[in-house]
Amino acid sequence: MDKAYLEEKLAELPLYFYGYIDPKTLEFSGRIRYICSTECPMYGKTWACPPGVGEVDRCKEICTGYDNCLMIGTIAEVRDIADIDETLSTRPAHEEITNTVREFFREQGVEPYVLSTEACAICENCAYLEGKPCRHPDRMHPCVESHGINLIPTLEENGLEFQYGENVVTWYSLLFFN
Ligand code: SF4
């Protein structure tokens, strides 16, 4: 993995942050999974969300099985962050950037394990609801929270925040690799 090449490519993107983290320093918490199951309308609706992604212990095993992780972050300004539609409308741009970064890895023959934002929206109706395998496992990204990851301590360690002001939306993705 040529990190110099990767960073050259990352510098071309509108990222406000990128940095490497040790997967073993991530905090995995059953509490995050509890929030998914009690507060998220997408729980149990896609392969990108719990319980489809597996138990938190299994998710932790997958993530910490990698030697390295690239965290990327984007920000977007909205008129009113309480307007969910407007806030979510900034998500596709982040997903596109995440896909672009994933291709930077693939160009080097490295297949990263990618966690991104929210539930998968590639198909109109997720195959999970039909009890069938994911139709696009090479494109689908589970969300960071689905794996029980509490990103706040990692953000703090990197001098970052989840919220940068009233009308600023922040999105983060994690790309695990060896
Ligand atoms: S790619 Fe389609 S089948 Fe796979 S998780 Fe996303 S919506 Fe579901």
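What you are viewing is a predicted model, in which local features need pLDDT of at least 70 and side-chain atom pairs count only at pLDDT 80 or more, while totals for chains, interfaces and linings use all residues. Residues are numbered from 1 along each chain as its sequence is written.

Within α3 (residues 56-64), select Val56, Cys59, Lys60 and Cys63, which are its buried residues (buried means 20 or more other C-beta atoms within 10 Å of the residue's own, exposed 12 or fewer, and partly exposed in between, with C-beta atoms placed from the backbone). Looking down the axis of α3, you will find that these buried residues line one face, because they fall within an arc of 100°, taken from the directions from the helix axis to the C-beta atoms. On the other side of α3, select Asp57, Arg58 and Glu61, which are exposed.

Next, select Leu174, which, leaving aside neighbours within four places in sequence, is in contact (C-beta atoms, placed from the backbone, within 7 Å) with Cys69, Met71, Leu115 and Val144.

Finally, select Asn125, in the loop between β4 and β5 (149-150). Is this residue buried or exposed? Asn125 is exposed, because 9 other C-beta atoms lie within 10 Å. The C-alpha atoms of Asn125 and Glu61 are separated by 29 Å, and the two residues are 64 residues apart along the chain.

Technical notes. Helices (H or I, at least four residues) and strands (E, at least two) are DSSP runs, numbered from the N terminus. Two residues are in contact if their C-beta atoms, placed from the backbone, lie within 7 Å.
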